[in-house]
Amino acid sequence: MSARLDFRSRHLGPVGSDREEMIRETGYPSLDALINAAVPAGIRMDGALTLPPARSEQEALAWLKSIMSKNRVMRSFIGQGYYGTHTPGVIQRNILENPGWYTAYTPYQAEIAQGRLEALLNFQTMITDLTGLDVSNASLLDEGTAAAEAMSLALAGKPKGKAIFVSDRCHPQTIDVVVTRAEPLGIKVVIGDWQTFEPAACDGLFAVIVQYPDTRGRIDDFAQFFATAKSAGAVTIVAADLLALTVLKAPGEFGADICVGSSQRFGVPMGFGGPHAGFMACVDALKRKMPGRLIGVSVDSRGKPGYRLSLQTREQHIRRDKATSNICTAQVLLAVMASMYAVYHGPEGLQHIANTIHARTASLKTTLTAGGVAVEVGPFFDTLAAKVTGKADDVLSAAAASGINLRRIDGDYVGISLDETTTDDDLAVIAAAFGVKVVSQDNSGAAWHGGHARTTPFLQQKVFNSYHSETDMLRYLKRLESKDLALNESMIALGSCTMKLNATSEMMPLSWPEVASLHPFVPADQSQGYREMLALLEGWLAEVTGFAGVSLQPNAGSQGEYAGLLAIRRYHLARGDSHRNICLIPVSAHGTNPASAVMVGMKVIGVKCDADGNIDVADLAARTEEHRENLAALMVTYPSTHGVFEETIRDICNIIHEAGGQVYMDGANMNAQVGLTSPGLIGADVCHLNLHKTFCIPHGGGGPGVGPIGVARQLLPYLPGHAELPEKEGAVCSAPWGSASINTISWMYVAMMGPDGLTEATQVAILNANYIAKRLAPFFPILYTGNEGRVAHECIIDVRPLSDASGITVEDVAKRLMDYGFHAPTMSWPVGGTLMIEPTESESKSELDRFCDAMISIHGEISAVISGELDANDNPLKHAPHPCETVCGNEWPHSYSREQAAFPLPYLRNHKFWPSVGRIDNVHGDRNLVCTCDSVEAYAAAGA
Ligand SMILES: *Cc1c(COP(=O)(O)O)cnc(C)c1O
């Protein structure tokens, strides 16, 4: 081993003699020789990336600080869906800043994810209670996309419905996102005043969307409107404010079918637009079509309750182009934070916060009115629209001069939205900006008396009424955290998910006020630091992808796919090729691909793959010929979904271009390309990147993510726009730069790695995958390799032959890995009965060896089943995982020993991670769908 002197060598696992040994093991004289064998010469980049040289951790932090200091951090009472909030310290330090939470993966392996599954079930319970609806999912990407998802949900199964009504008092960005989403689907969006809109007179109406309280602050009673809309056959959708719902009548009680919104103001910093957890709740009748992830309760092998992802867990993987949504990565970490805010405050605490805000708003109204400033009439919660005829800019400047931002609704109206952070001093400043004197100061938080009052109790469940002291909260968070296996425990070698190091220095800036505290719609002169940082990152990513431009707006990979395909669609439309609507997609593609294509109105045609997992070029050419006239795009994953660099990729791109199509590259596998080759070089026209994979944003247990797209020159005019950007049209999510704040993580990564470090990371990722392939090949066949017998940055091991001989399934292997302290690799994707292993560059030789030792030991156990040494049914694989309670219990009915169950390898005696439940019964959970936590207790009590 040699000393590690710079960030790069801290980011990388194997260095020095370890690396040398691994290279030898793969049978190549040098790393370059291995890379030359794995990555075809025909697609290699010549020369290095043009990026700033690597900075040390301290230098990069200082550089970023100097840039972000150009932001002016003011108090923002702009509202419009984003509010000041106090993140409780105990939540900030123990969740947001804690790798035990933020480095976890999406909880597909339920037995080692019970902590975050419980937190997400709390989230669903909170949303269900506050909205008064039957079922809630565990987060969407933001409020605007949630409204768009609600539109799709309402449309599903209604082929004739082609018009949606959207109240003109919805947040403007929500309207914009819905309009973008509606256009390719041929949906007419009618924007207007709900009070005069006549549902029965609107042809093809399938849904209505209103805001509660609305964007100008008014609280309306929609009961009659919803009844009329429903009798006209429309689904009723409300975008609601979660905090207001603690005191207002729940949407479910006035006829809403679907309620969407953002949980940002439950303790999640504004972060210049995100990330925050959007939410969606709906009536029971719609639940099986609901997008996103739904946490449910089932039972484990011992009959004890256990949580799991239910139903449409990976909906697009199963339904592909029939899916109603392409959402995959959601906003788990932020949903966990918001749910914990509710756990910490409890129902009374939340109501007190809401009532205090309302009391202050009422005081402000009294003050303004007394001073002769008219305020829009109607019941309100926290937002006022003040009439200042022609003087909006003057009022805004006066407020800004005292460090406060208000909202410019138009030249005549100023909006003021108070929040949890508002103080009496703030009120004095606001009053002064209007040239009036404070006459009323009520911050009593007295019970709600504003009308439309909530009458039904909420959050009565034990969990929301138990952890209100910091000590209790701290221990609750710790308890949940210790049930979950994250990267701070062991490697998580999930193929296609790139679970690499999320370095502390990359994470630290998130807690800076210059990063956390900006409202997304502050005037541009206050966000100069952000704009500079984002522009730098866009430039760096353009260099890495070989493209002309990048948009950071998409807030997940799936959104990037959608935005990229939208760019292709617009390009064809602008050229008068409105008939081009065919999207070719290889059958091996990630399920989000076909789902995204359908969202932009394209028709999906499958392309075959050959026995090696490569695209069948003859079939591609035939399909292209067949659809030449109408070809819009090819969506291709490179290196292939099977983890191999296809040599024919350039030919493939040529075939598509020659027929007038554009090539969309799914950039999830960018970790095998950075610095060696690039989508632009290969001939693609657009790709998305997952910054939460290749560029170090942690997975957060299932989000947040950033899914930027890079595009070639001809597609530049069609990048997503936003009302806050020079190009206004085509917003794909609520904020101009999506989940702006977490881009600092990727910025830090690139700044600290530099061009050589990034390239070396790619090389080491490929080395690590090939090392694992080499070590495991004698035990498990490696499914696909390139011409030279090499894999790229991941490898697929085939468990099927062993399964056939032993009856041990790949799922048994995945569950058994938990007993060895590991998270399973990607299971049965892209090929059933296999495991796809992606170790990433961050894992050291010793960790790779520990994982291989575990796999080889499992191979030994399977062999013992085959030889009859272990019983075919009563063996440690079939009964895995083994929780501590079972292993230590007085009863041990098995024919293998407790020791073999829990300590099959020596390293486990030094440190053992215990799965907290036995194997969870999936079928039972889907048949008996339970998605809130009060029922869990009832469920447990019923002795299930
Ligand atoms: C992860 C992934 C996606 C989707 O990205 P999300 O951020 O989860 O929406 C798309 N394609 C591939 C190949 C992926 O691995």
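Here is a walk through this structure, from the overall build to the ligand and then to a few backbone details.

What you have is a predicted model, where local features need pLDDT of at least 70, side-chain atom pairs count only at pLDDT 80 or more, and totals for chains, interfaces and linings use all residues. Residues are numbered from 1 along each chain as its sequence is written, and side-chain values use heavy atoms, with hydrogens and water left out.

Let's start with the whole thing. The protein has 32 helices and 25 strands, which are DSSP runs numbered from the N terminus (H or I with at least four residues for helices, E with at least two for strands). Its radius of gyration is 28 Å, close to the 30 Å that the globule rule gives for 944 residues, so the protein is as compact as a globular protein of that length. That radius is taken over C-alpha atoms, and the rule is 2.2 Å times the number of residues to the power 0.38. Along its principal axes, the C-alpha trace spans about 85 × 70 × 60 Å.

Now for the ligand. Around it are 14 residues, of which Thr329, Ser496, Asp666, His692 and Lys693 come nearest; to be near, a residue needs a heavy atom within 4 Å. This shell divides into three nonpolar, eight polar and three charged residues. Helix α19 (residues 557-574) gives the most to the shell, with three residues.

Some of the atom pairs are worth a look. A polar side-chain atom of Asp666 lies 2.6 Å from a nitrogen atom of the ligand. An N or O atom in the side chain of His692 is 2.7 Å from a ligand oxygen atom, and a backbone N or O atom of Gly557 also lies 2.7 Å from an oxygen atom of the ligand. The protein covers 97% of the 380 Å² of accessible area that the ligand has on its own (Shrake-Rupley method, 1.4 Å probe).

Finally, the backbone. Most residues other than glycine have a negative phi, and most peptide bonds are trans. The bond from Gly274 to Pro275 is cis, with omega near 5 degrees; Pro275 is in the loop between β7 (258-262) and β8 (278-282). Another cis bond runs from Ala880 to Pro881, with omega near -5 degrees, and Pro881 is found in the loop between α27 (845-867) and α28 (884-888). Gln80 has a positive phi, near 55 degrees.

Conventions: Polar contact = N/O pair within 3.5 Å; in protein donor to acceptor, adjacent residues only side chain to side chain. Nonpolar A, V, L, I, M, F, W, Y, C, P; charged D, E, K, R; others polar.
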